[in-house]
Amino acid sequence: MVITTVDLLKNEIPIEEEPVIITEDVKAGLVLVDIINGFCTVGAGNLAPREPNRQMSEMMDESARLARVFCDKKWPVLAFLDSHHPDKLEHPYPSHCITGTDESNLVPALRWAEKEPNVTIRRKDCYDGYIGSFQEDGSNVFVDWVKNNKIQLLLVVGVCTDICVLDFVCSTLSAKNRGFLNPLEEVVVYSQGCATFDFPASMTRNTKDISPHPQELMHHVGLYMAKGRGARIAREVSFNNLNKP
């Protein structure tokens with residue numbers, strides 16, 4: 001049996017994943033992080049997949065499934081959409097997800113969610129959705145969303161596991177620990193509902209700024225770091241309706 005580098009890493013820094021059951025007696029909110037064409041749809045932009053990808057496809061399927069459940073239950077959903085001005089690049093990445101282009105729109109499997117009354121859309125121009133939620137008057141769309149909906153459990157899915165998802169989770173947990181996000185109690189990252197991009201070392205030889213980014217390895221690292229900050233890592237997410245006899 002061939003032992004890969006990823007297998008060795010997982011043995012050295014394992015992640016405790018658990019099944020998470022969301023019940024009706026807990027105020028839950030779902031955050032969709034950058035599940036947009038520019039990151040997820042094959043050939044849609046500079047940072048989009050170059051070919052179909054299992055991890056990315058699974059992430060979109062699971063995110064759409066969860067979004068449908070939350071919308072059917074009229075539970076709050078917040079979707080972050082990466083949207084940049086052409087003259088404000090995000091180093092070290094090339095131009096991507098420019099405001100007004102289809103790159104910065106939700107993937108086809110989630111476009112229906114824009115019309116749902118329980119869904120809040122927040123376009124952001126930085127990695128971190130928490131920071132990207134600040135408005136000119138100092139208010140924060142994400143903070144207000146948590147407080148107004150009295151969210152106790154936050155379920156996070158999207159891309160990229162080790163970049164925008166991780167940055168958002170870290171900021172959220174820091175704010176929660178400081179008491180800025182009451183009544184938020186738990187942040188759950190769903191591993192199958194997250195994905196990152198694949199950029200093997202062989203593809204970096206003719207590039208100046210982009211570093212190698214092996215998908216499976218960096219996905220694991222992102223989850224490991226989120227766990228280390230205090231998030232729960234879910235290997236599956238299910239629902240239990242306590243109101244049913």
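Visitor: In which loop does Lys150 lie?

Guide: This is a predicted model, where local features need pLDDT of at least 70, side-chain atom pairs count only at pLDDT 80 or more, and totals for chains, interfaces and linings use all residues. Residues are numbered from 1 along each chain as its sequence is written, and side-chain values use heavy atoms, with hydrogens and water left out. Helices (H or I, at least four residues) and strands (E, at least two) are DSSP runs, numbered from the N terminus. Lys150 lies in the loop between helix H4 (141-148) and E5.

Visitor: Is Lys150 buried or exposed?

Guide: Buried means under 20% relative accessible area, exposed over 50%, and partly exposed in between (1.4 Å probe, protein chains only). Lys150 has a relative accessible area of 51%, so Lys150 is exposed.

Visitor: What is the phi of Lys150?

Guide: Most residues other than glycine have a negative phi. Lys150 is not a glycine, yet its phi is positive, at about 55 degrees.

Visitor: Which residue caps the N-terminal end of H4?

Guide: Look for a side-chain oxygen by the backbone nitrogen of Phe142. That oxygen lies 3.0 Å from the nitrogen, and it belongs to Asn140.

Visitor: Against which elements do the buried residues of H4 pack?

Guide: The buried residues of H4 are Val141, Phe142, Val143, Trp145 and Val146. Contact means heavy atoms within 4.5 Å. The buried residues of H4 pack against E2, strand E3 (77-82), strand E4 (119-124), E5 and H5.

Visitor: How are helix H5 and helix H6 oriented to each other, parallel or antiparallel?

Guide: Axes are lines fitted to C-alpha atoms, for helices over the stretch in contact, and angles run from 0 to 180 degrees between N-to-C directions. H5 (residues 164-177) and H6 (residues 215-229) pack at an angle of about 0 degrees, with their axes 10 Å apart. Angles under 35 degrees count as roughly parallel, over 145 as roughly antiparallel, 65 to 115 as roughly perpendicular and the rest as oblique. That makes H5 and H6 roughly parallel.

Visitor: How do the residues of the contact of H5 with H6 divide?

Guide: H5 brings Leu166, Val169, Cys170 and Leu173, while H6 brings Gly222, Met225, Ala226 and Arg229. Ala, Val, Leu, Ile, Met, Phe, Trp, Tyr, Cys and Pro count as nonpolar, Asp, Glu, Lys and Arg as charged, and the others, Gly among them, as polar. The residues divide into six nonpolar, one polar and one charged.

Visitor: What span should helix H3 have?

Guide: The expected span of a helix is 1.5 Å times one less than its number of residues. H3 (residues 54-72) has 19 residues, and its end C-alpha atoms are 27 Å apart.

Visitor: Which residue takes a positive phi just after H3?

Guide: At the start of H3, a side-chain oxygen of Asn53 reaches to within 3.1 Å of the backbone nitrogen of Gln55. Just after H3, a positive phi of about 60 degrees belongs to Lys74.

Visitor: With which side chain does the side chain of Thr196 make a polar contact?

Guide: Thr196 sits in the loop between E6 and H6. Its relative accessible area is 0%, so Thr196 is buried. A polar contact is a pair of N or O atoms within 3.5 Å; within protein, one must be able to donate a hydrogen and the other to accept it, and residues adjacent in sequence count only if both atoms are side-chain atoms. At 2.7 Å, the partner of the Thr196 side chain is that of Asp162.

Visitor: Where is Cys160, and what is omega of the peptide bond from Val159 to Cys160?

Guide: Most peptide bonds are trans. Cys160 is in the loop between strand E5 (153-159) and H5. The bond from Val159 to Cys160 is cis, with omega near -15 degrees.

Visitor: Which residue does a cis peptide bond join to Asn182?

Guide: Omega of this bond is about 15 degrees.

Visitor: Is Asp34 buried or exposed?

Guide: Asp34 lies in the loop between strand E2 (28-33) and H2. Its phi is positive, near 55 degrees. With a relative accessible area of 0%, Asp34 is buried.
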